[in-house]
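Hi,

Here is the structure I promised to pass on.

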Amino acid sequence: MPEYEIYALRFAGPFTSSGAFLMWLRDWEKVEKRNYYVWCIKGAGETVIVDTGVSPDLAKERNLAGYISPAEVLSQIDVNADEVRSVILTHFHWDHSSGASLFPRATFYIQEREYHFWLKDPIATRAPFKRLSDETAKAYLASLEGTDRLALLKGDQEILPGIECLLAPGHSVGLQAVAVNTAKGTAIVGSDCAHLFRNYQEDWPSALIVDLVAWMKTYDKLRERASSGDLLFPGHDRIMSEKYPEVAEGVTRLA
Ligand SMILES: [Zn+2]
């Protein structure tokens with residue numbers, strides 16, 4: 001089984017959030033810092049990007065602090081976004097999907113359930129969902145339907161030996177996490193299944209919930225798959241850029 005390395009690339013932040021945003025219905029009085037990331041899985045001659053980050057246009061519109069284009073951050077570890085062939089999109093929230101057009105040659109691996117919800121279900125056009133997504137990215141990903149640049153997954157699926165997409169709903173309808181074979185065992189790039197390591201450690205979700213029952217089952221599933229608790233990686237924790245070896249500006253090696 002091939003082994004891969006996992007890198008976290010910070011492309012924006014830090015931002016200050018209410019504690020109750022990161023730990024649902026708790027920590028009202030606290031504030032906490034978080035970052036925005038994309039991840040890169042490298043090894044066995046393959047490069048797979050997890051999430052696309054935010055496009056320069058949207059970053060400008062939303063005035064994102066500390067923003068650097070994800071394509072530029074990737075170039076720091078010799079990855080050319082123009083040439084990337086595989087992107088796993090964990091979910092459609094704007095901070096994960098809006099940079100899709102930065103990867104013009106990539107095939108996007110997305111859970112069918114997530115894709116259909118955001119692009120075909122009228123509920124996704126209602127205000128709370130609209131606010132979480134990006135119209136430009138949605139139009140871009142809709143335009144790929146029926147082409148070989150879109151792979152819609154029905155549940156858990158290995159896309160390369162040692163890299164498996166895992167359906168992990170709760171935060172969004174069809175979020176997927178990624179199980180990766182590394183030198184330390186199976187690591188999970190969990191994206192927003194947890195905003196912080198603490199969400200996993202304390203078995204407590206963030207405030208952005210579409211299905212809490214599904215989310216708790218997702219925690220069970222991911223814990224079972226990870227070789228150890230410290231190989232469960234969250235979506236926004238600043239610890240990822242502070243406590244792991246830095247290999248380039250804003251890039252750390254998680255495993
Ligand atoms: Zn997020």
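Predicted model: local features only at pLDDT ≥ 70, side-chain atom pairs only at ≥ 80, totals over all residues.

Residues are numbered from 1 along each chain as its sequence is written, and side-chain values use heavy atoms, with hydrogens and water left out.

The protein chain has 10 helices and 13 strands (DSSP runs, H or I of at least four residues for helices and E of at least two for strands, numbered from the N terminus). Its radius of gyration is 17 Å, close to the 18 Å that the globule rule gives for 255 residues, so the chain is as compact as a globular protein of that length. That radius is taken over C-alpha atoms, and the rule is 2.2 Å times the number of residues to the power 0.38.

Buried residues make up 57% of the 255 (buried means under 20% relative accessible area, with a 1.4 Å probe and protein chains only).

Now the inside. The largest nonpolar core has 40 residues, and Leu 9, Phe 103, Phe 108 and Leu 141 have the most contacts inside it. Such a core is a set of buried Ala, Val, Leu, Ile, Met, Phe, Trp, Tyr and Cys residues joined through side-chain atoms within 4.5 Å. Its largest share, 5 residues, comes from β1. Apart from it lies another core of 26 residues, including Val 48 and Phe 233.

Cheers

Terms used
Buried < 20%, exposed > 50% of the residue type's maximum accessible area, 1.4 Å probe, protein only.
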